[in-house]
Structures are given as C-alpha cells and as structure tokens.
Amino acid sequence: MQSTKRATDLAIEKPSRVAFLDEVPIALKLLELGITPSSRLVLVRKAPLGCPLYFYVNEQSFALRQAEAACIWVTEL
Amino acid sequence: MTQIKSVQIFLVGNPNAGKTSVFNRLTGLNQKIGNFPGVTVEKKEGRVALTDGSFCTLTDLPGTYSLHPKSPDERIVLQTICKLADKQQQNQSLIFYIADLLNLERHLLLLSQLKSLDLPIVLGLTMADLADDKGYILDKDKLSEALAMPVFLLNARNGDGLDAFKAWILNTRTDSLIKKTTLFETEKLAPDFILELKTLLGTDSAYFALLKAQHQDYFLDLSVEQQKGINDLFQKYGQTNLTLQIQETLGRFARLAPLVRSCLLPTKNAAQVGFSGRADQILTHKLWGTLCFFILLLLIFQATFDWATYPMDAIETAFGWFGEQVRGLGGESIWANFMVDGVLAGLAGIVVFIPQISILFCFIAILEEVGYMARAVYLSDNLMRRFGLNGRSIVSIFSGMACAVPAIMATRTISNWRERLITLLVTPFVSCSARIPVYTVLVAMVVPAQSKWGFFNAQGLILLGLYMLGIMTALLAAYILRFFVPVMDMSLLTMELPAYKPPVWANVGIMVWNKVKDFLWEAGRIILCIAVILWFLASFGPADSLEAAEKKIRAEFNLKPQTEEHLSDMNNAIASERLSASYIGRVGHFIEPAIRPLGFDWKIGIALLSSFAAREVFVGTMATIYAVGSNDDGSNIQTKMQKDVHSDTGEAVYTPVTSFGLMLFYAFAMQCMSTFAVVRRETNSWRYPIMQFVCMTALAYLSSLLVYTIWG
C-alpha cells in the first residue's frame with residue numbers, strides 16, 4: 001500500500017492518483033474544476049521561481065499556486 | 001402556455017465552454033453590452049433573428065463553474081438563476097446550457113445544479129467536431145434521456161447546429177421542458193436540516209432553500225427573522241457551508257461519472273500529450289516560455305506603434321481637410337471657430353487613438369481566443385504576486401499601453417478585491433497611447449532627431465526608457481499599496497489552461513469593436529466636453545480685454561512696413577496675446593508661482609491644466625499658445641517652443657532639464673478625466689479615484705521638482 005503525499009511534493013512527470021482533498025475553501029473550487037478523488041494527476045512543470053505549478057488532471061491542464069495545490073493528497077502510481 | 005420565441009433565453013455554462021462564440025454566432029452585431037444594475041459585472045444582451053422573421057432575446061451570463069459563487073461575476077449568475085427559479089418567472093425564460101463535449105463530466109456539474117431547481121433547460125454541446133478526432137462516440141439520445149432535456153450538437157466555429165436550435169425554438173413551448181429527473185437528491189445531504197429550511201423559507205424546492213441559506217447575503221428578500229432562523233438551524237444541526245458544498249459536489253460527480261461513461265464511449269486511448277501539451281513544453285517553459293512572452297510583447301508593441309502611424313496620419317489629414325471646408329463656409333465667424341477649434345479639434349483628439357487601440361486589442365483578443373492569455377498569466381503570476389498583484393493583472397498592465405479605460409475594465413476578471421483594487425489603482429502609470437504625442441514633442445527638446453547613443457537612436461531610447469519607467473512605477477506603487485490595502489478575501493490563481501485552438505475571427509472582430517465603442521463612449525464624451533470648454537476659456541476673457549490686447553499688438557505692428565511676412569507675424573502675435581488675456585491665460589498666470597520651482601512658465605501652466613482633461617491636449621494647447629498657423633506641423637511648434645524665453649530672466653524655457661522634468665510630469669500625473677470616471681465607477685466610490693489623483697499628481701510634481709533642482 002502506497003502512502004499518500006501532497007501534490008506539491010510529487011516529482012515532475014510522476015503519475016499519481018488523487019486520494020482526497022483537505023477540507024479547506026480552495027478544495028471546493030478544485031473539485032468544481034474536476035480535480036476529484038481518483039482523478040489521474042501529473043505535476044508537469046513549475047513556472048519561473050517555482051510557482052505556480054502546471055498540472056495535468058484527467059488530460060486537462062491547470063495552473064495552481066503552491067498553497068492551492070497543497071490541499072490535494074495523491075498516491076503515486 | 002408561452003411559446004419559447006417570446007421568452008428570454010439565458011446562456012449559461014463554464015468558462016471556456018464556447019459560450020461567447022455561440023452568443024456571437026446567434027446575435028451577430030445585434031448585441032448590447034451594459035452592466036447588471038448596481039454592480040460592475042458585464043451584461044451582454046442580444047437579439048436572435050428567427051426564421052419566421054421574429055426575434056427573441058438572448059442574455060449571456062458570466063461563465064461559472066458552480067452556483068457557489070467566488071467572485072462578483074459568479075454571484076450575479078446565482079442571483080439571476082434563483083430569480084428564474086422563483087415560480088412566477090419560470091414561464092418567461094429558458095436556459096441554453098453550453099457544455100464542452102470533451103470535458104463533459106466537469107461541465108455537467110453546473111447543469112446538474114440547475115436541474116435541481118427544476119428550470120427549463122436545453123443543452124448545447126460544443127467541440128463535437130473535435131470529439132470525433134479524439135475517438136469519442138456520443139450516444140446523444142441516451143444523454144438526452146438521462147438528463148431529461150433536448151440536446152444539440154454545436155460547432156461554434158462554423159455555426160453548425162445553431163439553425164436546428166433556432167428552428168426548434170419556433171415549435172416548442174416552455175412547459176414541455178420542465179421534466180423532473182433525479183440527477184441528485186439534495187435532501188439526502190442533511191434530511192432534517194433541509195426539511196426545516198424548506199419550511200422556514202416557504203419553498204418546495206430543497207436545493208433552492210439550501211442555496212438561499214448558504215448564500216443568504218446575496219438574497220435581499222430574506223427577512224431578519226429568516227436570516228436568524230437560518231443561522232439557528234446551521235447551529236442546531238452542526239452544519240457548515242463548506243462541508244455541505246463539498247459533499248454536494250462529490251455527490252453530484254458520483255452520479256455524473258457513470259452517466260457520462262455510458263453516453264460517451266472512447267474508441268481509442270486518448271493521446272497523453274496532445275498538441276497543446278507539446279506547445280506548452282516550450283510556451284510555459286521556465287526559460288523559453290519567458291523568452292517567447294517577451295518577444296511576443298516586443299512584437300505587439302512594435303506593430304501597434306508602427307502600423308498605427310498610417311491610419312493616424314490619415315485621420316489627422318481628414319480632420320484638417322474637414323476643418324478647412326468649415327472655414328471656407330464660415331470664415332472667421334465665432335461659429336466656425338467653435339466648430340473647428342472646439343468640436344472638430346476635440347473629435348480629432350478622440351478618433352486619432354482608434355487605430356492604436358484597435359490594433360492592440362486585436363492582438364489581445366487573438367491571444368485570448370487562442371488560449372495563450374492563460375499561459376501569460378501562469379508565467380507572470382509569481383512576479384505579480386510579489387507586488388501585491390495577481391497573474392491576471394498582466395492583462396490590464398498590457399492593455400494599459402493602449403488606454404487605461406478598457407484596461408481598468410479588464411480588472412474585473414480578478415476575483416480578489418484587494419488585488420483588483422491595487423491593479424486598477426496602478427494601471428494609469430503605464431504609458432498609454434495618449435502620452436506619445438506629448439513625449440514626441442518634448443523628447444525633441446532633449447536630443448535632436450539624428451543623434452545616436454551607440455547603435456541606437458537616442459530619441460527612441462528615451463521613449464523606451466519612459467515606457468519602462470511607467471511599468472516600474474506601476475509595480476513599485478503596487479508594492480507600496482500592499483501595505484495600505486487590507487487583506488479581505490483569499491487570493492486565488494487556480495486556473496484552467498484551455499487547449500490551444502485557432503481563433504474564431506468573428507469573436508476577435510466583435511471584441512475589438514466593443515472595446516473601441518467603450519473607449520469612444522467612456523473617454524470620448526469627456527474629451528469632447530473638455531475640448532469645448534477649453535475652447536471657450538481660451539476664446540473669451542473678462543470684459544473687452546481680448547480686444548484691448550489685439551489693439552495693442554496692431555498698434556505696435558502698424559509702425560512697421562506692411563509686408564506679407566509682417567502681417568503673418570502680427571496675426572501670430574495677436575493670437576498669442578489674446579490667449580494670454582483670456583480666462584485660461586489668466587489662470588495660467590495665476591498658477592505660475594506654483595510651477596515656477598519646476599522651471600515651468602504660465603504657458604506650460606495652461607497646458608498642464610488643460611491636460612488634466614486628457615494629456616494629449618498638451619500638443620494642441622501648445623499649438624494654440626505658440627500661435628502657429630493652421631498649415632504648420634509639429635516641428636514648427638518645436639522650433640517656436642525652443643526659441644521661447646522666460647519674460648523675467650531671459651533664460652530659455654525649454655532647456656533639456658525642464659523638458660525632461662515635463663516628461664516626468666506627464667509620465668506620472670493622472671491627467672485623464674476618463675480614467676478618473678472609470679475608476680470611480682469600478683470602485684463605486686469617490687475615495688479611490690481622488691486618492692489616486694492626488695498621489696499621482698504629487699509624485700509628478702515632486703519628480704519634476706527634483707529633476708529641476710538637481711540638474712537645473
């Protein structure tokens with residue numbers, strides 16, 4: 001059984017699956033964008049100076065700030 | 001029952017669903033952009049021509065991901081939708097829901113919320129053409145049955161499917177559309193809590209009651225007792241908004257996921273990295289992406305200023321010609337003067353900016369259409385955030401190079417009020433196109449046109465420096481404002497990066513047209529009014545002081561031989577002396593002591609004062625003051641200005657130092673009534689525009705003072 005980690009701690013290009021989201025206000029917005037538990041998530045790259053982060057979730061691209069993505073917990077695949 | 005063609009249709013959907021394209025396709029130029037009452041949320045309304053010659057109204061609601069609002073735009077959607085859900089209005093309206101077939105599951109979340117309010121809805125699916133390429137097969141009838149609503153496949157690019165929709169409107173009645181389905185059982189979230197809420201708010205609809213309770217601040221029809229009752233119920237059942245909303249969203253997706261899987265069948269594995277992914281490997285790359293962004297900026301900048309000169313010259317020539325015709329008809333009568341020097345001069349001052357504004361907004365529209373703007377926001381968010389701004393501020397700062405008025409209106413996409421406020425307060429520092437004519441005249445006083453610094457043209461470098469100065473000052477001001485503007489709500493970036501797609505040219509055209517209309521109306525009417533007032537102040541003076549001034553000059557010149565050269569000199573001297581004696585001349589003399597420390601004289605004083613209406617007035621005022629004839633061009637104003645001396649000391653007025661100080665003054669001062677008006681409207685307060693005006697003008701004064709004291 002793989003342990004969960006924050007999406008911000010993922011290595012670049014390492015595929016993962018969303019396990020759950022912390023119950024914080026930003027989580028609602030992320031869910032509404034389709035970043036839901038069991039979605040496939042990849043951290044693709046980081047912007048200049050390390051933030052925001054570029055994610056693929058379910059084959060779609062999203063830009064999330066470090067603090068926003070930190071509420072997503074994933075298991076590596 | 002009501003026929004659909006006589007009801008109002010609302011376009012609803014997520015951002016990037018293709019709503020704008022559908023709206024533009026259905027209405028064409030039959031659209032009106034205004035504001036929702038009391039708020040600065042854009043309201044787009046239009047008329048759709050139907051095949052039987054009748055029309056129906058279409059309203060484009062702002063794009064939103066759900067009915068739980070996080071910005072003013074989304075709040076309007078909630079309020080509008082809930083008004084429709086009130087039973088009395090139901091027969092009067094229809095929702096045309098636009099969803100992207102390629103991201104169907106996510107796009108159906110909002111639809112499922114709307115369905116819980118038992119509204120009449122029709123679904124339009126965009127990107128149907130791309131679904132084929134991606135290997136998806138849609139079972140349209142099955143989807144239509146599961147959602148209990150008609151489904152149309154649309155292609156906003158070529159308009160496919162919209163004719164079918166229009167034909168359908170003609171033959172359908174609203175009541176036939178309200179079919180109950182259970183996509184989601186709201187009650188199950190918290191049965192007793194919701195039951196009590198329904199009784200308290202006197203409604204049958206569980207979801208309607210829940211929405212009202214969760215967003216009670218946005219419903220003005222709630223009584224004080226109801227508000228108290230809602231809060232008591234939240235306490236009694238230990239419920240919180242966030243938990244309920246998260247559970248609702250998860251619950252809805254749990255129902256939608258199998259539904260979508262059963263209707264939209266993949267025939268092959270979707271490609272991992274499509275075109276957009278490959279393009280983003282470069283365009284959002286730390287190094288290459290940033291480089292591309294700057295090259296793009298330079299390119300747009302160059303194009304805007306280079307290409308625009310031709311239509312601008314043409315416009316000036318046309319107005320000049322038209323003025324001559326009026327002169328020919330009216331001679332030197334007061335009406336001809338009013339028309340030529342007041343109205344036509346004012347109009348020319350507005351129209352001449354249209355080329356630059358259109359070209360710049362054409363680029364901005366294309367970048368938005370293509371999907372690049374979101375990448376620009378992604379690349380600049382970090383830098384912007386350090387200055388208290390948002391990645392989205394880059395769009396405003398960028399547009400500010402054309403005109404601050406539409407740029408300030410573009411801040412509406414920033415959901416965080418603090419970041420939005422700071423953005424709109426600092427945007428006027430960015431050098432807009434109105435500063436160019438002023439800089440062009442003044443830069444010639446500092447260095448001659450031919451001089452070079454290294455390989456570069458010296459004048460060009462100074463101009464570039466002034467632009468950089470504007471952007472730096474904007475960022476610095478934002479940094480300082482951070483400490484004064486309180487943090488009110490969460491700062492968010494969370495943004496979808498839509499797939500790249502070729503632009504829909506009709507959308508680009510319509511956006512440019514709307515921006516130009518905005519500028520003409522918002523800025524144009526003020527510039528025109530001020531131009532007319534200025535003309536009045538410059539043409540009249542107390543009692544017969546103007547006539548006295550004219551007589552004095554004539555007496556001086558009568559002693560000299562009556563050659564043609566002398567006659568024109570005399571006319572120029574008369575114009576100049578009349579101006580000095582006019583109302584505005586008196587004001588100029590009055591304020592001279594205040595600006596003398598900057599090395600400015602009363603003539604510059606007049607130009608400064610009149611420039612507070614709009615800065616480009618400077619050149620026109622200078623032309624009037626230095627009384628150049630109608631057939632002279634800019635270089636002659638410059639020669640005359642260079643020869644001018646202070647009447648008391650005999651020193652030249654336009655030394656490089658004063659000219660440079662004057663440029664700084666124009667770079668910093670908020671000399672634009674339209675900007676003032678638009679900030680007043682967007683912030684809904686007098687405090688911010690007044691503060692902005694005072695601070696910017698003080699900075700302008702101090703920096704000119706500094707330059708003059710140190711180098712002067």
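This is a predicted model: local features need pLDDT of at least 70, side-chain atom pairs count only at pLDDT 80 or more; totals for chains, interfaces and linings use all residues.
**Notebook: chains A and B**

I looked up L49(A) first: it counts as exposed because it has 12 C-beta neighbours inside 10 Å. My cut-offs, with C-beta atoms placed from the backbone: buried is 20 or more other C-beta atoms within 10 Å, exposed is 12 or fewer, partly exposed is in between.

Residues are numbered from 1 along each chain as its sequence is written, chains are lettered from A and ligands numbered from 1 in the order in which they are written.

**Backbone of chain A**

I checked phi at L49(A). It is positive, about 70°, and the residue is not a glycine. L49(A) sits in the loop between β3 and β4 of chain A. Helices (H or I, at least four residues) and strands (E, at least two) are DSSP runs, numbered from the N terminus.

I then went to P52(A), found in the loop between β3 (40-46) and β4 (53-57) of chain A. The peptide bond leading from C51(A) into P52(A) is cis, with omega near 0°.

N58(A) came next. Its phi is positive too, near 50°, and it is a residue other than glycine. I place N58(A) in the loop between β4 and β5 (60-64) of chain A. N58(A) counts as partly exposed, because it has 18 C-beta neighbours inside 10 Å.

I noted these entries because most residues other than glycine have a negative phi, and most peptide bonds are trans.

**Where A meets B**

I counted the contact: 27 residues from chain A and 31 residues from chain B. Two residues are in contact if their C-beta atoms, placed from the backbone, lie within 7 Å. On the chain A side, α1 (25-32) and β5 are the elements that give two or more residues.

I followed β5(A) across to chain B. Three bridges join it to strand β12 (residues 495-497) of chain B, and the two run antiparallel. Strands pair if DSSP finds at least two bridges between them. F62(A) stands opposite E496(B) in β12(B).

**Chain B overall**

Of its 712 residues, 43% are buried.
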